[in-house]
Amino acid sequence: MSNLDQLSSSPQTVPDPQDEVRLVGQYYDDKTARLVRKYGPGPRIHYHVGHYASTEPPLRADNAAPDAIRGSIRRHQEDLLRYAAKIWDAEQRLSGRVLDVGCGLGGGSLFWAQEYGADVTAVTNAPEHAPVVEGFARECGVDGRVRALVSDAKQLPLDDRPYDAAVAIESSGYFDRPRWFERLARVLRPGASVCVEEVFITRPHGADVWAEYFYTKPATVLDYVKAADAAGFELADDVDATSETAPFWEESAAWTKAMLETDGSLSPVDRRQLRISLLANQALGAEWQAGGVRLGFLRFELK
């Protein structure tokens, strides 16, 4: 049994399909305050890895305070979205009506609305997140272009006007992908793009390490291609960014370690959760470096 197994009281197996939506929604509802503490204060809060294009080393707990490390993490998370925007040609493809599926606290939705003028429907299955997203949209002055929708990804409501694109930033690993692509084929216009940034499996151990902490096992790129093809999509882009995202885990672990070492106000429960997070971040960083998983940007087009 690993140290992470010993510390965590959370189930370590992937949930049954009929329970997955409820469990994942509750999981993220319960994490709201912790997400804001680590990635906030907002309004653009992201819950995904960062992109580190330079050779500047990541910050460490022994040479930076928690706030400095958090600031670096947030900058690099925004850099990941800017990198995605370049790959996906956001000025052309993500400036119209966009579905942000699995939007978290809405950081990406606000990014596409503010930076590219998109009209974004921010889709979440965590009910507690919807008013947070809408509050941040008002704070940014884009509440007319960002609306929150509580929905399962495979049950996206039909609209009178089709969407121009769908984006999923480290969220599609939780979806029933065949049914998700089938639904997207009904709500997107012909020629629309589905833009996915996700962790993909390259060996079983890497998938297990990810599933221990995030309640879902990564799929392969081929799994996505098959699901997309069956629904009438074809793969247009596949860009690997595993090496450029690896430093995220070092900084994420550094922030957690710095908090444990410097914040005397943490409750015993908070300290335990941070110790679990630290072990998980270290394990994920090791798998990133060892090639156990890959981080990729995929783009599909509806035929």
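The exercises below concern helices and aromatic rings in a predicted model.

**Exercise 1.** State which residues of helix α8 are buried, and explain why they lie on the same side of α8.

*Solution.* Step 1: helix α8 covers residues 177-187. Its buried residues are Arg177, Trp180, Phe181, Arg183, Leu184 and Val187.
Step 1: these residues span an arc of only 160° around the axis, so they are on the same side of α8.
Step 2: An α-helix has 3.6 residues a turn, so residues three or four places apart point the same way.

**Exercise 2.** Name the elements against which the buried residues of α8 pack.

*Solution.* Step 1: the strands are β1 (97-101), β4 (163-169), β5 (188-201), β6 (233-240) and β7 (293-302).
Step 1: the buried residues of α8 also pack against helix α10 (221-230).

**Exercise 3.** Classify the ring pair of tryptophan 112 and tyrosine 116 as stacked, edge-to-face or tilted.

*Solution.* Step 1: the model has 18 aromatic pairs. In this one, the ring centres are 6.1 Å apart, and pairing requires centres within 6.5 Å.
Step 1: the planes stand at 40°; stacked needs under 30 degrees and edge-to-face over 60, so the pair is tilted.
Step 2: both residues belong to helix α6 (residues 107-116), four residues apart, about one turn of the helix.

**Exercise 4.** Decide for tryptophan 112 and for tyrosine 116 whether the residue is buried or partly exposed.

*Solution.* Step 1: the relative accessible area of tryptophan 112 is 0%, under the 20% limit, so tryptophan 112 is buried.
Step 1: tyrosine 116 has 24%, between 20% and 50%, so tyrosine 116 is partly exposed.

How values were computed. Residues numbered from 1 in each chain as written. Predicted model: local features only at pLDDT ≥ 70, side-chain atom pairs only at ≥ 80, totals over all residues. Heavy atoms only, no water. Buried < 20%, exposed > 50% of the residue type's maximum accessible area, 1.4 Å probe, protein only. Helix = DSSP H or I, 4+ residues; strand = E, 2+ residues; numbered from the N terminus. Arc of directions from axis to C-beta. Contact = heavy atoms within 4.5 Å. Phe/Tyr/Trp six-rings, centres within 6.5 Å; stacked < 30°, edge-to-face > 60°.
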